[in-house]
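Subject: The structure we talked about

Hello,

Here is the structure I promised to pass on to you. Have a look at it first, and then read on for what turned up.

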Amino acid sequence: MTTATRAGQAPAALEDKEMLISGSEAIAEALTLADIDVVTAYPIRPYDTVMQAIAKKIANGQLVAEYIVAEGEHSQFEIVKHASTVGARVFCGSSGVGWAYAMECLVVTPALRVPMVAMVGNRALDDPGAFGVEHNDALFVRDLGWLLCWIDSSQEALDTTLIAYRVAEDRRIFLPIAISADGAFLTHSQAITKVPSKSLVDKFLPPYNRGDLQLHPDNPITVAPQVNEDWVIEIRRQNNAATERAYTVIEEAYADFRKVFGRGPENPWFEEYMTEDAEIILIGMGTISLPLKVAIRNMRAQGKKVGLVRLRWFRPFPTEKLVAALSKAKAIGVIDRDYSFGSPFGSGVVANEIRAAMYNADRRPPLLSFICGLGGREVMLEDVYQVTDLCFNAAKTGKSETKTRWLGVRE
Amino acid sequence: MAETTTSTNATQVLEPFKGVKKVTIEEYFSSGHRTCQGCESALVMKLMVKAAGPRTIVLGSTGCMYVANTTYYTTPWVVPWMHTQLGSSGSAALGTAAGLKALMKKGKMKAEPINVIAFCGDGGGADMGLGAISATLTHKEYNSLILLYDNESYANTDIQVSGSTPYGAHTTFSPPGKARRIMHTRWKKNTAGMLAAGHPECRYVATVCASYAVEMMNKVRKALSIGGPTFIHSLDPCPKGWDYDPMLSHELGELAIECGIFPLYEVEDGVVKYYGKTKAIVEGRPRKPVREYLLKQGRFAHFTEEDLTYFQAKVDEMWTWEIPAVAAFRKEPKAKA
């Protein structure tokens with residue numbers, strides 16, 4: 001297996017099957033390859049497409065798993081949480097206010113060190129109703145011990161799901177991972193995707209072993225007793241330590257992924273697009289990468305040196321690497337597909353995280369923050385040109401504009 | 001080992017204890033808890049898991065039997081035990097059973113019938129967790145027991161009114177005052193009757209009271225043996241919440257049944273069977289007046305004759321139902337010819 005390379009092509013690629021599938025369907029392919037044991041479903045758009053895809057796989061015998069349709073998201077997440085504690089590999093997911101309805105369970109899952117993998121089909125929160133993407137739903141859990149990532153293609157959806165189980169179930173981590181996929185733009189859009197063989201996946205992803213934390217009559221432990229002020233701060237610190245260990249474990253997992261499958265990024269944390277000589281670096285998460293990349297190519301044709309950093313992992317936050325990548329720019333523009341009302345400068349969550357990360361940097365280029373594309377509104381090329389022009393002005397003056405601009409909004 | 005669907009649906013064979021002297025001596029809920037003196041719910045835990053035996057997993061939703069039982073560094077549980085959220089007893093039972101089943105079916109875990117019991121208080125069961133319990137009772141392919149220990153208030157959080165608190169009771173959320181003597185005007189939910197009536201594929205629903213310990217344990221054993229999801233509702237006198245001398249816990253349990261306030265029965269595959277004093281009442285033995293029960297408890301100390309009369313009338317009404325004290329339906333009277 002390891003010797004049969006041809007023209008630099010990794011051996012794994014030869015075994016891949018190519019399929020035209022959506023982001024949700026790609027995750028379902030990965031779940032089948034990961035041989036999940038228990039999955040719980042509850043309908044809400046747009047994430048529910050993944051459950052429809054899994055249901056078909058179970059109905060057709062491609063996957064053997066307990067498939068439970070719950071009576072609400074609270075139960076949906078609690079059921080798999082408990083299934084995981086007896087040693088089952090589990091999957092769950094939701095969108096928007098469905099994710100919010102499960103909030104209590106989302107709180108206890110990392111605290112119990114349950115390595116659940118969940119998909120968030122990012123959706124605007126109610127009210128008023130909107131099916132389209134906003135990132136506020138997944139961001140609810142950013143402080144709780146969930147590892148959080150954003151993907152932007154079907155291929156990345158499949159690959160990241162396999163990586164997520166590997167990372168979450170690593171005994172050094174035992175934390176849940178939420179994979180965020182932009183509603184409609186990724187959950188429902190199809191692309192050619194390489195689906196690896198089961199034998200390769202088995203090489204990459206060991207079985208889930210709950211070890212001495214498994215709830216079983218042969219291991220009669222008491223889990224999650226009342227600890228009060230006697231112990232809770234020590235337990236919180238253990239949780240924080242696990243999140244810190246995730247930096248190493250994620251890098252190991254991506255390195256192994258590249259070895260086994262012959263693809264995948266060198267840098268797990270973020271994608272850099274045309275940043276090498278970029279004077280202006282734009283930053284975003286998820287499928288906003290598509291209009292940003294198109295706009296950057298057009299601007300490059302006019303001689304403007306613009307690049308993109310697409311953040312994949314938001315938790316743990318890749319502080320050092322990101323600061324190093326951004327420090328070299330003359331100005332940076334952060335485009336949030338979320339909001340944080342009343343926050344510093346009225347900025348979105350990502351902009352303020354990056355401001356915090358840059359605070360101690362030796363070189364801090366001006367940072368401009370933007371909110372765009374809420375509720376699934378299209379991000380137009382004109383919006384990106386406007387962002388870039390403002391960034392070039394800031395680069396000239398060396399000053400950051402403190403106010404946050406909302407783009408593509410009717411005045 | 002080849003696993004079949006049948007083998008992962010199997011339950012333990014738990015024959016009824018034939019009398020108190022035949023009850024096993026092993027304890028699976030032992031020292032290490034700090035429940036109140038006279039706490040019947042602690043006794044319910046002990047009897048519940050004694051009946052279930054060692055190959056059991058217990059899930060406990062938030063409430064007295066969480067906070068008072070498991071204070072870190074101590075645990076009374078000899079069997080594996082895990083906390084679940086207040087409204088999650090149904091989901092905890094379902095998830096644990098589904099996890100075990102998946103692993104056994106796929107050969108990832110040695111196949112054996114493991115009892116799964118999730119308990120909840122009346123706040124967690126009759127109020128917040130009712131939806132999840134209802135859902136679990138429809139999933140007939142997963143074996144589990146949900147046990148509701150009903151001390152008729154949120155007793156762990158300072159005695160607040162729940163949907164299972166009796167009419168008029170004094171709680172910290174329903175204190176009697178000068179302008180309003182009765183702050184809690186709702187009648188207690190008929191949780192067991194509702195769950196039995198509403199879940200046609202749930203094979204076993206029962207009510208119990210720890211004053212009748214052997215009967216209670218045998219109902220637990222039947223619930224765990226019969227297959228599929230099952231439900232038991234236990235009435236647990238609570239000295240702190242009901243305001244009485246802790247030595248009277250057993251007696252109050254007996255009185256609740258003798259007054260016809262809390263009936264003892266089981267519904268097995270849709271067939272109602274009454275037990276003990278409840279059976280005698282159904283067969284014509286007079287019920288004791290409710291005042292004998294109510295006036296022994298401080299939570300009803302503010303009751304006037306009018307309140308006692310109202311309470312008695314409501315209990316009398318329960319015994320006019322088509323299935324007395326179980327299901328609140330009456331047939332339409334026949335039209336006169």
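How many residues does the contact take from chain B, and how many from chain A? Please keep in mind throughout that this is a predicted model. The contact draws 41 residues from chain B and 39 residues from chain A. On the chain B side, the elements that supply two or more residues are strand S1 (56–61), helix H3 (64–67), strand S2 (81–84), helix H4 (89–105) and helix H6 (130–136). The most comes from H4(B), with 12 residues. Sorted by class, the residues on the side of chain B that touches chain A are 22 nonpolar, 16 polar and 3 charged.

The link between the chains is the pairing of S9(A) with S2(B), which is parallel and runs over 2 bridges. There, Val223(A) has Met82(B) as its bridge partner.

Further along, strand S5 (residues 204–209) and strand S6 (residues 229–235) of chain B pair in the parallel sense over 6 bridges. One of the bridge partners is Leu235(B) in S6(B), which goes with Cys209(B).

Helix H2 (residues 40–52) of chain B meets H8(B) at an angle of about 50°, with the axes 8 Å apart. H2(B) and H8(B) are therefore oblique to each other, and their crossing is right-handed. From H2(B) come Leu47(B), Met48(B), Lys50(B), Ala51(B) and Ala52(B), while H8(B) brings Ala213(B), Met216(B), Met217(B), Val220(B), Arg221(B) and Leu224(B). That contact has 9 nonpolar residues, 2 charged ones and no polar ones.

Chain A and its domains

Turning to chain A, the domain assignment gives domain 1 (11–261) and domain 2 (270–406). Their centres, taken over C-alpha atoms, are 28 Å apart. The contact of these two domains takes 27 residues from domain 1 and 19 residues from domain 2 of chain A. On the domain 1 side, helix H7 (136–139), strand S6 (147–150), strand S7 (177–182) and helix H10 (228–261) of chain A each give two or more residues. The residues of that side are 16 nonpolar, 7 polar and 4 charged.

Chain A has an open sheet of 7 strands with mixed pairing, in the order S3-S2-S4-S5-S7-S6-S13. Its edge strands, strand S3 (66–69) and strand S13 (313–315) of chain A, pair on one side only. From one strand to the next, the twist averages 20°. S6(A) and S7(A) run parallel and are joined by 4 bridges; Cys149(A) has Ile179(A) in S7(A) as its bridge partner.

Which strands does H3(A) lie across? They are strand S2 (38–41), S3, strand S4 (90–94) and strand S5 (117–122) of chain A, and H3(A) runs at about 135° to S3(A). Helix H4 (residues 73–85) of chain A lies across S2, S3 and S4 of chain A, at about 160° to S4(A).

Two helix pairs around H2(A)

Helix H2 (residues 23–33) of chain A packs with helix H8 (residues 154–168) of chain A at about 30°, their axes 8 Å apart. This angle makes H2(A) roughly parallel to H8(A), and the crossing is right-handed. Among the residues in contact are Ala26(A) and Leu33(A) of H2(A), with Ala157(A) and Leu162(A) of H8(A).

H2(A) also crosses helix H3 (residues 48–59) of chain A at roughly 45°, where the axes come within 8 Å. H2(A) and H3(A) are therefore oblique to each other. The residues of this contact are 6 nonpolar, 3 polar and 2 charged.

Enjoy exploring it!

Best wishes

Conventions
Residues are numbered from 1 along each chain as its sequence is written. Chains are lettered from A and ligands numbered from 1 in the order in which they are written. This is a predicted model: local features need pLDDT of at least 70, side-chain atom pairs count only at pLDDT 80 or more; totals for chains, interfaces and linings use all residues. Two strands pair if DSSP finds at least two bridges between them. Domain bounds come from an automatic or database domain assignment. Two residues are in contact if their C-beta atoms, placed from the backbone, lie within 7 Å. Ala, Val, Leu, Ile, Met, Phe, Trp, Tyr, Cys and Pro count as nonpolar, Asp, Glu, Lys and Arg as charged, and the others, Gly among them, as polar. Axes are lines fitted to C-alpha atoms, for helices over the stretch in contact, and angles run from 0 to 180 degrees between N-to-C directions. Angles under 35 degrees count as roughly parallel, over 145 as roughly antiparallel, 65 to 115 as roughly perpendicular and the rest as oblique. A crossing is left-handed if the near helix is turned anticlockwise from the far one by less than a right angle, and right-handed if clockwise.
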